[in-house]
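Subject: Structure handover

Hello,

Here is the structure I promised to pass on. My notes on what turned up follow below it, with the cut-offs spelled out along the way.

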Amino acid sequence: MKIMSVNAGSSSLKFSLFEMSTETLIASGYFERVGMEGSFYTIKYNGEKIKEEVETENHTKAVEVMLDRLVSLNIIESLDEIDGVGHRVVHGADKYSKSVIITDKVMEDIRSYVELAPLHNPANILGIEAVKNALPNIPMVAVFDTAFHQTLSKKEYIYPVPYEWYTKHGVRKYGFHGASHCYVSKKITEVLGRNDLRVIVCHLGSGASISAIKEGKCIDTSMGFTPLAGIMMGTRSGDIDPSIITYIMEKEGMSAIEVMNDLNKKSGLLALSGVSNDCRDIEEAERSGNERAKLALDKFVDTVVNYVSQYYVKLGGLDCLCFTAGIGENGPDIREKICHKLECLGIHMDVSKNNFRGELREISKDGEDIKIYVVPTNEELMIAQDTKELIG
């Protein structure tokens with residue numbers, strides 16, 4: 001059975017094609033600058049990498065090119081080999097606690113959640129519609145970023161704001177990166193051979209979030225009503241005093257939308273370092289003596305440590321701390337700094353095990369009760385697994 005995972009952004013389209021009998025990646029690709037000048041794609045398969053500039057005026061055209069190349073490059077013999085397509089959908093509100101087969105009603109719901117995720121759901125809808133046009137008879141599945149976090153208790157997801165904001169407008173914590181947190185949770189359960197684990201997953205990338213997971217169910221997560229909440233990120237501020245927004249509006253003559261844009265796209269590591277939103281660039285600057293780069297990294301580490309400490313208490317202890325995503329998988333120095341600050345909780349890293357990138361490995365000291373693991377995430381495979389399960 002061959003399943004395709006699709007993740008559509010506002011000007012991008014990412015895909016992975018899996019052979020699900022062995023959960024093997026057959027091919028993956030990324031279309032960039034969709035709907036813009038200079039659009040191009042990259043496809044990787046069979047150890048090769050193909051890059052080509054191609055005009056993709058919209059997502060429909062990008063999907064047409066993607067499917068054409070899968071056949072013309074002999075990755076598959078025909079489109080009939082594709083048994084199902086799973087789509088990443090950022091927001092499913094509180095209605096969808098698991099992945100679902102896409103129907104007209106599901107599409108109606110996804111459209112109704114656009115105001116909850118105005119930067120993401122519209123792009124996800126474009127991706128779904130483009131694939132449906134090209135493959136009208138293939139079953140498709142929506143895999144929601146918010147679904148894994150729907151196990152939060154009301155005490156955890158409710159905000160202490162006027163209650164009618166929740167009842168009338170759906171203001172509550174939703175959480176994001178659900179496919180990644182779910183995948184890592186399942187993988188570490190498999191690795192350690194236990195179903196009773198208390199796990200904290202640190203998904204540390206340009207977007208970053210932390211989840212507390214007990215016996216496979218999320219009990220709390222750092223992102224909130226939007227992905228802006230929680231720890232400091234590449235360009236997002238994370239948690240701040242909300243009064244800052246109106247204060248800056250008045251001082252700078254900015255609109256609320258302009259301030260929110262700055263908090264989403266001009267804050268975080270980028271703002272504090274003045275160098276980049278990429279940890280690799282900031283670490284290089286720190287080694288050159290850049291004090292703001294050091295400040296940015298120190299602040300990032302502290303925000304992670306604060307959430308891990310909080311979730312340690314909520315879980316009543318900890319069995320495993322997991323690092324994943326771009327920084328978590330490929331940032332040994334950041335991992336070491338975080339774990340060093342957590343030693344008072346009995347979290348002890350073996351530094352000699354930590355000098356690697358992008359592999360599934362244990363990095364805790366031998367014999368420690370609390371294990372530390374690096375677990376490469378695979379959201380695309382998680383999407384494909386859910387799709388396979390639902391379409392049979």
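Throughout these notes, contact means heavy atoms within 4.5 Å. This is a predicted model, so to speak of local features we need pLDDT of at least 70, side-chain atom pairs count only at pLDDT 80 or more, and totals for chains, interfaces and linings use all residues. Residues are numbered from 1 along each chain as its sequence is written, and side-chain values use heavy atoms, with hydrogens and water left out.

Let me start with one residue. Ala27 lies in strand 3 (residues 24-32); helices (H or I, at least four residues) and strands (E, at least two) are DSSP runs, numbered from the N terminus. Ala27 has a relative accessible area of 1% and is therefore buried (buried means under 20% relative accessible area, exposed over 50%, partly exposed in between, with a 1.4 Å probe and protein chains only). Leaving aside residues up to four places away in sequence, Ala27 touches Phe15, Ser16, Leu17, Lys44, Tyr45 and Ile75. With Ile75, 48 residues apart along the chain, the C-alpha separation is 7.5 Å.

Next, the helix pairs. The axes of helix 2 (residues 104-112) and helix 3 (residues 121-134) come within 10 Å and cross at roughly 155 degrees. Axes here are lines fitted to C-alpha atoms, for helices over the stretch in contact, and angles run from 0 to 180 degrees between N-to-C directions. That crossing makes helix 2 roughly antiparallel to helix 3 (under 35 degrees counts as roughly parallel, over 145 as roughly antiparallel, 65 to 115 as roughly perpendicular and the rest as oblique). From helix 2, the contact takes in Asp104, Met107, Ile110 and Arg111, and from helix 3, Asn121, Ile125, Ile128, Glu129 and Lys132. By class, this contact has four nonpolar, one polar and four charged residues; Ala, Val, Leu, Ile, Met, Phe, Trp, Tyr, Cys and Pro count as nonpolar, Asp, Glu, Lys and Arg as charged, and the others, Gly among them, as polar.

For helix 10 (residues 279-287) and helix 13, the axes also come within 10 Å, crossing at roughly 75 degrees, which makes helix 10 roughly perpendicular to helix 13. Here Cys279, Glu283, Glu286 and Arg287 of helix 10 meet Asp333, Ile334 and Lys337 of helix 13. The residues of this contact divide into two nonpolar, no polar and five charged.

How many salt bridges does a search of the whole structure find? There are 25, each being a side-chain nitrogen of Lys or Arg within 4 Å of a carboxyl oxygen of Asp or Glu. In one of them, Asp319 and Arg194 meet at 3.7 Å, N to O. Asp319 lies in the loop between helix 11 (291-315) and strand 12 (320-324) and Arg194 in the loop between helix 6 (178-192) and strand 9 (198-204), so the pair ties together parts 125 residues apart in sequence. Asp319 is buried at 10%, whereas Arg194 is partly exposed at 33%.

Lys341 pairs with Asp302, with the closest N and O atoms 3.4 Å apart. Finally, Lys155, Glu156, Lys173, Asp220 and Lys314 are linked in a network of salt bridges.

Best wishes
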